[in-house]
Amino acid sequence: MKGIVFTEFLEMVEQKFSPDLADRIIDAAELPSGGVYTAVGTYDHHEMVKLVSCLSLETGTDGDELLRLFGAYMFERFYVLFPKYFEGIQSASEFLEKIDDYIHVEVRKLYPEAELPSFGCDTSQPGRLCLTYRSTRPFASLADGLIRGCLAHFREPADIVIEDLSGGAGTAAQFFITRRDTPL
Amino acid sequence: VSDTQQLARRLEREKQARKAAEAIAEEKTREIYDANVRLQHLNSRLEELVRQRTMELAAARDEAVRANQAKSDFLASMSHELRTPLNAIIGYSEMLLEEPEDRVRPEVRPDLDNIRSAGKHLLGLINEILDLSKIEAGKMDIFLEVFDMVALLGEVRATVQPLMANNGNTLEVRCGSDLATLRSDQTKVRQILLNLLSNAAKFTTEGRVTVEARRLMEGASDQVELKVSDSGIGMTPEQLTGLFQPFSQADASTTRNYGGTGLGLAITQHFCRMLGGDIGVESEVGKGSTFTIRVPAICPSAPPRRAEAVAQRTVTGTVLLVDDERVAGNVLGRALTQEGYRVVRAAGGEEGLRHAREDKPDAIILDVITPDLDGWSILRSLKTDPQLSEIPVILVTLMGDRDMGFALGAAEYLTKPINPKELIRLLARVQRREIAPDVLIVDDDQTTRDVLRRMLIKEGWTVREAANGTEGLEQLARAVPAVMVLDLMMPGVDGFEVLRAVRQDPSWRDLPVVIVTSKDLSKEELEWLRGNAIDVFQKGAYSRAELISAVRAMVESARTACSSRLSPACLRETPACSR
């Protein structure tokens, strides 16, 4: 998993909770990396799983809920860090359709070894977008948060129906997104 | 855990993270550097690859050029190899056709005729293929000469007349009065006309074929237009496209019904363009076709090779021209110079007699009416002077008193307007003083010798043979014949060497030599032959059958001359006949 996910996660914990809490969960998680992350590095995704579960223990909030929270936070950070991916993009659906075909292609140019999830896109039904998440890692809830962050960024209220495709493992899910005011 | 400890841990984590980031940055930098090195290497390898490929391509091109040369050489030698047996086929069939009826039964004559015409057809095809390959290889040369267009048309008319008769066609030739002489390649103009006329004859039945020739002078442009029209089957617009492309006839059924290679028109167009002109065609199905050719009357492009050749070659003889008419004299003088004669001009009788004594000409051409002495008295003076009486005199006159001329000792007689060619033939006849009626044939091909020997013996000549150049020279040393018939391509001492030896030896120098060759002469060889007073007509050198007929014609003329105690020499307007 790319280092940026870890650095952003810890920054979110420091910001939304406290620097002490961040220090505590790093300590509690007994991470092989010792919690030393750099955005350009690559780390074992199990460390993220441990960090989330420690945070959950500390805060009493469900792990999936924490991942959704982090997803929405990270989307806004993406907007700040990588504005070029947003150039010419007018709506949430435009952005979501481009993840696999453009954003991940660009990421692989810089990090050929990166293992990225896939976001299949189906726009065949008017006003409805069907996004299929598939990964080797259990972060469907993180994807859920990113999608919600995206809709909030473009100020598009929508209903999301989620169908788990991995029997509770969280490695695959389908998101049916229906916009509330005008069709997506 | 104290705040200080906590801060120290965080600081340590940040430090470690910075170091990790720096290590990654360094690694990425190295990767980029390595990638650049690899790119540079690839780039220089690409240049090396391009250089290598360029060399390979150049080698392939050289190989193709060599292969093309080999193809040309092969075609040239193949044509030689094909013509030699064809010569036997045509020659023997012609000889058999000339046998009396008690020796060759009448019922086999059509078969013999078929053999002969098939042989001639095949020879024509070989010649066309060779012509086209020479054109495509850029080896077809232009030989410019001054010639009489009307005479050429007359000759062409006589040649195609039998073709016209085959399909019941009538041929009409219309000449503009201003045609006069052209300076162009006579052989090619002849071939252009023959190609178009034989096409017209082939595609027209019970119809009319017309040749119209006229001179077009517009401003600085001086052209000759030749129009060949027929009332034959004609062509559709589709058939007209690609008409001048090699190997394309109007359509495949044309080949089946009418034969031919589809090369004739391609060659014709090439020839027209080589002469600085072009060819066009108009046609309508069922109505007929008209081919129009325009070529410059004075061909500008190539240097006047023929004139140079004349200047180089040894003088055939000296002719004294006594004529008071400037214009006629100029025409004759030019024609004679072109044939290699040295011309001495005299404006009147007194001057003529003085030149006759001083220059000792080989022949005198005498106009009967001159300002001071009239022709008859000059002739009388010449014939009564022991020093001059042996010089043959040709009378040129408007008056028709032929008997009086002969009575006074003139050898030959011409009436105005004079045809320069006829004059030159006469001159050739009267020029040499004594002959023995024998022929030496030098040829390594036994069939050729056989055909020539039987033909000449039938004409009453004594024949000696030599199978190669060395034997030929030995035979010459034994006795000088009246005429030598010489092949060029022979093993060992070849025809060129024999000719060189003949021209260097004072006792053989005047020996008339007829070149019989199926070799394709190169420009250099032709020029050398001309430099040695040999006239080898380019097209004539292609057809052995034509050469045989040339020899036959020469022998006949020599026999006529012989019977009137005059020398043979040779016929100049006959292809490949030489001196």
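The second largest pocket of this predicted model holds about 960 Å³ of space. A pocket here is an open set of points on a 1 Å grid over the protein atoms alone, with protein on both sides within 12 Å along at least five of seven lines; its volume is the space filled by probe spheres set on the points, which are joined across faces, edges and corners. Rolling a probe the size of a water molecule over the atoms shows where empty space is left. The lining, made of residues with an atom within 4 Å of a point, comprises 37 residues, and A:V5, A:F78, A:H104, A:V107 and A:L116 lie nearest the centre of the pocket. Two or more lining residues come from each of α1 (3–17), α4 (63–81), α5 (92–110) and α6 (140–153) of chain A, and α5(A) gives the largest share, seven residues. By type, the lining has 29 nonpolar, three polar and five charged residues. In this count Ala, Val, Leu, Ile, Met, Phe, Trp, Tyr, Cys and Pro are nonpolar, Asp, Glu, Lys and Arg are charged, and the others, Gly among them, are polar.

Residues are numbered from 1 along each chain as its sequence is written, and chains are lettered from A and ligands numbered from 1 in the order in which they are written. Local features need pLDDT of at least 70 and side-chain atom pairs count only at pLDDT 80 or more, while totals for chains, interfaces and linings use all residues; side-chain values use heavy atoms, with hydrogens and water left out.

Chain A contains six helices and four strands, taken as DSSP runs (H or I, at least four residues, for helices; E, at least two, for strands) numbered from the N terminus. Their order from the N terminus is α-α-α-α-α-β-β-α-β-β. Of its 184 residues, 49% are buried, where buried means under 20% relative accessible area, exposed over 50% and partly exposed in between (1.4 Å probe, protein chains only).

What of the nonpolar cores? Each is a set of buried Ala, Val, Leu, Ile, Met, Phe, Trp, Tyr and Cys residues joined through side-chain atoms within 4.5 Å. The largest has 56 residues, with A:F9, A:L51, A:F95, A:F175 and A:I177 making the most contacts inside it.

In chain B, helix α4 (residues 186–202) has 17 residues and reaches 24 Å from its first C-alpha to its last, close to the expected 24 Å; the expected span is 1.5 Å times one less than the number of residues. Of the 17 residues of α4(B), 13 are buried. At the start of this helix, a side-chain oxygen of B:D185 comes to within 3.1 Å of the backbone nitrogen of B:T187.

Two residues other than glycine have a positive phi: A:E30, near 50 degrees, and B:E206, about 50 degrees. A:E30 sits in the loop between α2 (19–29) and α3 (45–59) of chain A, and is exposed at 65% relative accessibility. B:E206 lies in the loop between α4 and β4 (208–218) of chain B and is exposed, at 64%.

Technical notes: On a 1 Å grid over the protein atoms alone, a cavity is a set of points where a 1.4 Å probe fits but cannot get out, and a pocket is an open set with protein on both sides within 12 Å along at least five of seven lines; lining residues have an atom within 4 Å of a point. A polar contact is a pair of N or O atoms within 3.5 Å; within protein, one must be able to donate a hydrogen and the other to accept it, and residues adjacent in sequence count only if both atoms are side-chain atoms.
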